[in-house]
Amino acid sequence: MIGIHDTPGSFSGRWITYCESRGVPFRRINCLATDVVSQCTGLDGLLWHWSHNDPASQLVARQIISSFEQKGMVVFPNIATCAHFDDKVAQKYLLETIDAPFIPTWVFYKRHTAMKWIEKAAWPKVFKLSSGAGSINVRLVRSREEATALCRQAFGRGFPIVAGYLTDIHTRVHKTQTAYEFLEKLFRAPQTLLNVIALRYRMPRQRGYLYFQEFIPGNTFDTRITIIGNRAFGFQRMNRPNDFRASGSGTLSFDPDQIDKRCVEIAFKVADRIGTQSLAFDFLFDLQKKPLIVEISYCYVASAVHQCPGHWDRQGIWHQGQVWPEEAILEDVLFTIRQRKETEPTWKTSRDETHIRGHTPTG
C-alpha cells in the first residue's frame, strides 16, 4: 500500500492513473494536514511531488519527508533528492563538497565582504537568487556598478522571490504557438495575476546574501540530463532569442546524437554520490569544452522528458522508446518496497503488524 499526495498539475495525476490501471493499492494522503502521520499508518511508501511555488510545502516538506524516512518508509522524494531543491546556495556547497564539475560560484553574507570581492572581480558575472525556476531571478551583470547596486539591494530591501506578472513577457509570447494558446493564456490571465499577487505576499523577500556565478560565453544552448534510477534522459535547450539564458525558452532538441555523453556519465556519478532517486542536471561547456553543472533540480517538466526518444543506462547502452518519468519513478519506488519486504526479518514484520493493529489514529 502506498500513499500519494494528490496535487493538480504535479506528478500525482499519472501516479494515480498508473495505480488504478494496474491494480496497485494506494491511498490519497494530505501531507499538509495535521494528522498526516495517522493518515500514513500502514503504508509502505509515500509519494509527494511538492513544488517550490507552494509556500506551505516549502515550509514543511523537507521536515515531513525526513520524519517518514526516520520511520523507515520508502519516500519519494527522499531527503537526499529534495534537500537542495530550489536552493542554489545549498547546491553550491553540496556540489563543491563532492568535487563535482560545477561552474565557479561565489556567495557572500556580509555587505563589506561582497564589496571587496566586487571591486576585484572581472565582469560580466551571472547574478542569481537562491530560489526560482525557468531563469526567473537570473540576470547578466556586466559591470562593477551594476554589481554594487545589486549588493545594496541584497543587503537592504532585498528582492521579491516571485517575479511580477509581466516578467519575461517576450519569452511567453515567443512560446505561444497558436491562437488557441494565446486565447487560453488571456482567459487565465486574471487568475494568474491574483496567484502572483498572493505568492508575492506569502513568500519572503530574498535578502542577506549575494550570489554570483561565472559567466561562460559561447554557449547557445544548455544540456539537460535527467537521471531516474538507472535511466538517463537527455535533450538540449536552446537559448532565448538575443539572450544568454536557455531555461524557460521552450525551444528543445531531442536528438540523442547531439548529447555529449560526458554529461550523462557525470550526471550518473553525481546522482549516485548524492543518493538521489531522480534529478535533473543542467550543463554548460567552458572555453575548453569541458561540461560543467549549472544547477540541479528534482522538479522538472515531465512532458519534456517523455519526448526523449529513449534513454541510456549506466553502461551507456541506448534503450529506444519513450518513457513517462512519473511512471519510472513509481516503478522504482515499488521495486524498493518489494526488495525491503523480501529482506525484512519476520520478527520485525510481526512486531510492526502488532503495533499497527494496536494503533488508533486521532485527528
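In what order do the four strands of the open sheet stand, and is their pairing parallel or antiparallel? In this predicted model, the order is β2-β1-β3-β4, and the strands pair in parallel. Strands of a sheet pair through backbone hydrogen bonds, and the pairing can be either parallel or antiparallel.

The edges of the sheet are formed by β2, residues 26–29, and β4, residues 74–76. Each of these has a single partner strand, so one side of each has no neighbour in the sheet. From one strand to the next, the twist averages 20 degrees. Strand β1, residues 2–5, runs parallel to β2 and is joined to β2 by four bridges.

The next topic is a pair of helices. Two packed helices are described by the angle between their axes and the distance between the axes. For helix α6 (residues 111–120) and helix α7 (residues 144–154), the axes come within 10 Å and cross at roughly 175 degrees. Angles over 145 degrees count as roughly antiparallel, which means that α6 is roughly antiparallel to α7. On the α6 side, the contact is made by Arg111, Ala114, Met115, Ile118 and Glu119. On the α7 side, Arg144, Ala147, Thr148, Cys151 and Arg152 take part. Sorted by class, the contact has five nonpolar, one polar and four charged residues.

Some details of the backbone remain. Most residues other than glycine have a negative phi, and most peptide bonds are trans. One joins Phe76 and Pro77, with omega about -5 degrees; Pro77 is in the loop between β4 and α4 (79–82). Another joins Trp123 and Pro124, with omega about 15 degrees; Pro124 lies in the loop between α6 and β6 (125–128).

Which values of phi do Asp86 and Asp99 have? Asp86, in the loop between α4 and α5 (88–97), has a positive phi of about 55 degrees although it is not a glycine. Asp99, in the loop between α5 and β5 (105–108), has a positive phi of about 60 degrees and is not a glycine either. Asp86 has a relative accessible area of 11%, so it is buried, whereas Asp99, at 68% relative accessibility, counts as exposed.

Definitions and conventions: Residues numbered from 1 in each chain as written. Predicted model: local features only at pLDDT ≥ 70, side-chain atom pairs only at ≥ 80, totals over all residues. Heavy atoms only, no water. Axes fitted to C-alpha atoms, helices over the stretch in contact; angles between N-to-C directions. Helix = DSSP H or I, 4+ residues; strand = E, 2+ residues; numbered from the N terminus. Parallel < 35°, antiparallel > 145°, perpendicular 65-115°, else oblique. Contact = heavy atoms within 4.5 Å. Nonpolar A, V, L, I, M, F, W, Y, C, P; charged D, E, K, R; others polar. Pairing = 2+ DSSP bridges. Buried < 20%, exposed > 50% of the residue type's maximum accessible area, 1.4 Å probe, protein only.
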